[in-house]
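Let's take a walk through this model together, starting with a pair of rings and ending at its pockets.

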Amino acid sequence: MSAQPTTQSNHPALTMWSEDEIAFRDAVRSFAESEIKPHVNHMDEKAEMKPEIVAKLFEMGLMGIESPEQYGGAGSSFTMACIAIEELGRIDGSVSVLCDVQNTLVTNAIIKYGNSALKEKYLPKLAQSWVGAYCLSESSSGSDAFALKCRAEKKDNKWLINGNKLWITNGKEASFFIVFANIDTTKGYKGITAFIVEKGFKGFTVGKKEDKLGIRASSTCELIFENCEVPEENVLGEIGKGYKIAIETLNEGRIGIGAQMVGISQGAYEATLKYIKSREQFGKSIGQFQGVQFQLAQMRIELEAAKLMVYNAARLKDAGADFIESAAMAKYYSSKIAEKITSMAIDLFGGNGFTKEYPVEKFWRDAKIGQIYEGTSNMQLQTIAKIEMDKA
């Protein structure tokens with residue numbers, strides 16, 4: 001990556017991008033416009049991801065952005081992953097979150113916690129053809145992430161997993177699952193262990209696919225484990241240290257969700273800007289009315305602030321600095337303004353904004369999930385407050 005910053009960018013946020021980052025952003029934007037945009041409405045209506053789009057994400061190298069080149073990845077940065085997530089979100093939140101989970105949760109966990117054998121076995125597949133899923137949530141463990149009922153028991157040279165997981169992103173498309181289960185409930189969260197499960201493992205079934213308000217083309221599924229047989233070598237990290245993997249990967253993943261929300265906001269903002277310049281009332285475009293201009297300016301200011309927060313957190317992560325509070329702030333703020341900006345977009349579109357003929361109602365539906373998954377807004381506030389209290 002070029003070390004020389006440049007200001008030669010037409011993109012709104014952050015004037016200081018490397019030449020490589022600008023070229024990458026432009027390439028992802030062009031790909032999203034040409035290959036994804038024509039299918040967005042159909043995928044939303046059918047609540048299905050087109051397999052051809054998933055295949056093209058792999059072809060573009062967008063499913064292993066941080067994976068080392070020796071494993072078939074791009075060997076790039078976390079910031080680059082966020083750029084891709086944002087640009088995909090600008091067109092479709094569903095494709096964006098598929099890419100996000102793959103990069104910021106699944107692949108990152110293997111890179112950081114996998115031993116050499118697991119890296120050699122799975123990273124090439126994740127970079128080239130296998131979609132991954134991150135399986136923590138259960139019916140009784142949402143914000144209380146460690147109240148897991150999913151159990152794992154050692155038998156001979158394998159682990160047997162029993163239980164259910166809910167709301168698992170990429171559940172339908174995935175071939176690779178990082179599953180958190182408790183091996184000793186007497187130890188509480190210190191019994192939680194992370195396991196790598198392949199789709200074909202005996203005793204594993206993908207269950208119900210949720211019918212959702214937004215990001216409808218993104219599959220959100222129940223997973224069922226009935227004496228699911230997992231080889232003992234498929235423990236990720238240390239036995240009993242799954243809670244550490246969960247906490248640290250989710251801290252990183254929140255920045256990715258922030259990037260997704262920025263992308264959704266950007267898409268809604270651009271659609272609104274175009275619309276108010278073309279829509280005429282009282283003999284002139286509605287964009288010439290001061291009341292409309294003030295709303296547009298507010299959207300732009302809050303979008304800029306969200307972008308700066310997200311990429312500040314990403315840069316801190318890449319620099320090896322403490323980013324946890326910045327990540328929580330970025331996710332909280334970007335998800336809040338995504339709902340606000342997309343709602344304002346519908347207002348400015350008027351009656352047209354309430355119809356599926358125009359794109360902003362979908363941006364609004366897609367934005368709502370940002371305040372829920374990978375840590376609710378209340379949990380982000382709790383994290384921020386705790387860090388601030390600890391400073392005192």
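Predicted model: local features only at pLDDT ≥ 70, side-chain atom pairs only at ≥ 80, totals over all residues.

Residues are numbered from 1 along each chain as its sequence is written, and side-chain values use heavy atoms, with hydrogens and water left out.

The structure holds twelve aromatic pairs. Rings of Phe, Tyr and Trp (its six-membered ring) pair if their centres lie within 6.5 Å; planes under 30 degrees apart count as stacked, over 60 as edge-to-face and the rest as tilted. Tyr122 and Trp130 have ring centres 6.2 Å apart and planes at 40 degrees, so this pair is tilted. Tyr122 is buried, at a relative accessible area of 0%. For Phe204 and Phe225, the centres are 5.1 Å apart and the planes at 35 degrees, so that pair is tilted. Phe204 lies in strand E8 (residues 204–209) and Phe225 in strand E9 (residues 220–231), so the pair ties together parts that are 21 residues apart in sequence. Helices (H or I, at least four residues) and strands (E, at least two) are DSSP runs, numbered from the N terminus.

Now look at helix H7 (242–278). H7 has 37 residues and reaches 54 Å from its first C-alpha to its last, close to the 54 Å expected at 1.5 Å a residue. Of those 37 residues, 29 are buried, so H7 is largely enclosed by the rest of the structure.

The largest pocket has a volume of about 930 Å³. Ser137, Gly142, Leu250, Glu374 and Gly375 are the closest to its centre among the 32 residues that line the largest pocket. A pocket here is an open set of points on a 1 Å grid over the protein atoms alone, where a 1.4 Å probe fits, with protein on both sides within 12 Å along at least five of seven lines; lining residues have an atom within 4 Å of a point. H7 gives the largest share of this lining, five residues.

The second largest pocket has a volume of about 510 Å³. Its lining has 19 residues, with Lys37, Gly267, Ala271, Pro359 and Phe363 nearest the centre. Here too the largest share, six residues, comes from H7.

Methods
Points joined across faces, edges and corners; volume = space filled by probe spheres on them. Expected span 1.5 Å × (residues − 1). Buried < 20%, exposed > 50% of the residue type's maximum accessible area, 1.4 Å probe, protein only.
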